[in-house]
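Hello,

Here is the structure for you to look over. My notes follow below it.

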Amino acid sequence: MNAPDPVRHLATTDGTADLVGLDMIRRLVAFPTVSRDSNLELIDWVRAYLEDLGATTALTFDDDRRKANLFATFAAQDGNASRGGIVLSGHTDVVPVDGQPWDTDPFCATLVGNRVHGRGVTDMKSFSAIGLAFVPRFLDRGLKRPLHFALSYDEEVGCIGVRRLIADVVAKGVAPTGCIIGEPTGMQLVVAHKGKKAWRCRIRGHEAHSSLTPQGVNAVQVACDIVAWIGERARAYRTSHRQDPAYDVPFTTPHVGVIRGGTALNIVPRDCTFEFEIRHLPFDDPDAFFADVERHAQTYLPAMHAVDPATYIQFDHISTLPGFDDDGRNAIADIGRACSEAHTTHKVSYGTEAALFHNASMPAVICGPGHIEQAHQPNEWVSLDQLARCEAFMERLAQHLCIA
Ligand SMILES: [Zn+2]
C-alpha cells in the first residue's frame, strides 16, 4: 500500500488536539487525486483501512481501470448489512492546482493560523476523512444500523464515477435510509439542488469577402442572434416565471458560457460554436427549454440555405445532472436536522452527486465542512471551527447509528 508519508505534522498545541480527523485529512490530501489522474492509491489505502476495521468493500472502475469508486459496508451487530442505515458519501477527486499561486504545498495539509490549507480540504476530503476517522468510535459503540461509505471518482468533471457505484449498490439490493454528501455547505443542511443540462451549438455558415456580405452566411451573427434569444428566455425565467425563494438563486437560469467564431474581420465567418446550459428548478423542464431553442434556431435556416444549402445549425448534448427536491420531507433530512442542529434547511443552485443517489431511491442531503467560496481556489482552506462542527455532527450521528 502506498500511503504517502505524512509531510508535516499538524500542530497539537493550539486546540487542534481535540480533533479526531486531522491525521486522516492529512493522509487523504497527500494523495494528489486530480480528476485527470488515477485515484487508485487513495482508494487502495482507504479500502485497506476499512477492511482492517471489518468492512466489506466493492470497487467499480472506469473503462481504463485507472480510477475506482469504493463502496464499503459495516453491518449492524445483528448482521443486517443492507436495510436502513446511512451512506456517507464523498468524491475523491480534486480540481487541478496548475497555474494557481499557492503559498504552501497544495498536497500537504498545512495548519495556517486556525485554518487548514490544502487542495481538497474543503472540496471535499475533510468530510470523508472525518467520517473515516470516526469509524472506530462508531464500532466501539456498536452499530444498530448499517454504515456505508461511498467514495467516488470524477465528480469534478460531471459526477461521472458515482453513476457506476450507484448502479452496483442498487443491483446488490442495498437500501439505506439515506445518504449524506459532504460537499462544503458550511455545515448547513442542504435538502435540494437544481438540475443542470448543457449543450453545444455548431453553426456552419458560408465564407465571403466582408465587402460582399450578402453572398455569405455569417455564422457569428446567427450564433449571436440565438445567444440573444437565450438571453431573453433567461430574463423571462427571472421576471415572469414560477420561483422558489428557498434557493439562493430562486429562478431557473439559462446561460451561455463559451463562444468561438470567425478568423479575420474582413472575412464573413464560416463557423461559430457556442456552449450553453440551463440550471433549472426541479419543476422546470430543461428539455422543453432546449426544444424551444432548437425551434428558434430552425427559423434561421431558410435564409441560410438560400445562400448555401450546405449551411447548418447543429446541437450536441454535453451533460445532464438532474436536480432533486422533496422539500426536506424525508427521513434523511430529519436525521440531518438532528445531527447538524440546523433550524433551517437550504436549497442550492450548484449540482452534486446527491440527486443521483436521490433518484436511485437513496434520499440524500448535503452537509459538509467548509464553504464553496474556498473550493477550487489557490490556498483552499477550511477552518478548524468547521472541522469541529463536522465532528460534532458525527458524534450526533453516532446516536442514530449506534447502540450505546
Ligand atoms: Zn465537490
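**The zinc site and the strands behind it**

In this predicted model, the zinc ion takes its protein donors from His91 (NE2), Asp123 (OD), Glu183 (OE) and Glu183 (OE), which lie 1.8 to 2.6 Å from it. Donors here are N, O and S atoms within 2.8 Å of the metal (3.2 Å for Na, K and Ca); water is not among the atoms, so sites may look incomplete. Along the chain the donors follow the spacing H-x31-D-x59-E. His91 sits in strand β3 (residues 86-91) and Asp123 in helix α3 (residues 121-141), so the pair ties together parts 32 residues apart in sequence. Helices (H or I, at least four residues) and strands (E, at least two) are DSSP runs, numbered from the N terminus.

The arrangement is irregular, because the 4 donor atoms subtend angles of 54 to 143°.

His91 and Asp123 are both buried, meaning under 20% relative accessible area (1.4 Å probe, protein chains only).

Now strand β7 (residues 178-181). Gly178 and Ile180 point one way, Cys179 and Ile181 the other, and all are buried. β7 runs parallel to β3, joined by 4 bridges. Strands pair if DSSP finds at least two bridges between them. Ser89 has Ile181 as its bridge partner in β7. Strand β17 (residues 364-366) also runs parallel to β7, with 3 bridges. There, Ile181 stands opposite Ile366.

Residues are numbered from 1 along each chain as its sequence is written, and side-chain values use heavy atoms, leaving out hydrogens and water. Local features need pLDDT of at least 70, side-chain atom pairs count only at pLDDT 80 or more, and totals for chains, interfaces and linings use all residues.

Best wishes

Note on methods: Tetrahedral: all angles 85-135°; square planar, octahedral: opposite > 155°, others 65-115°. Buried < 20%, exposed > 50% of the residue type's maximum accessible area, 1.4 Å probe, protein only.
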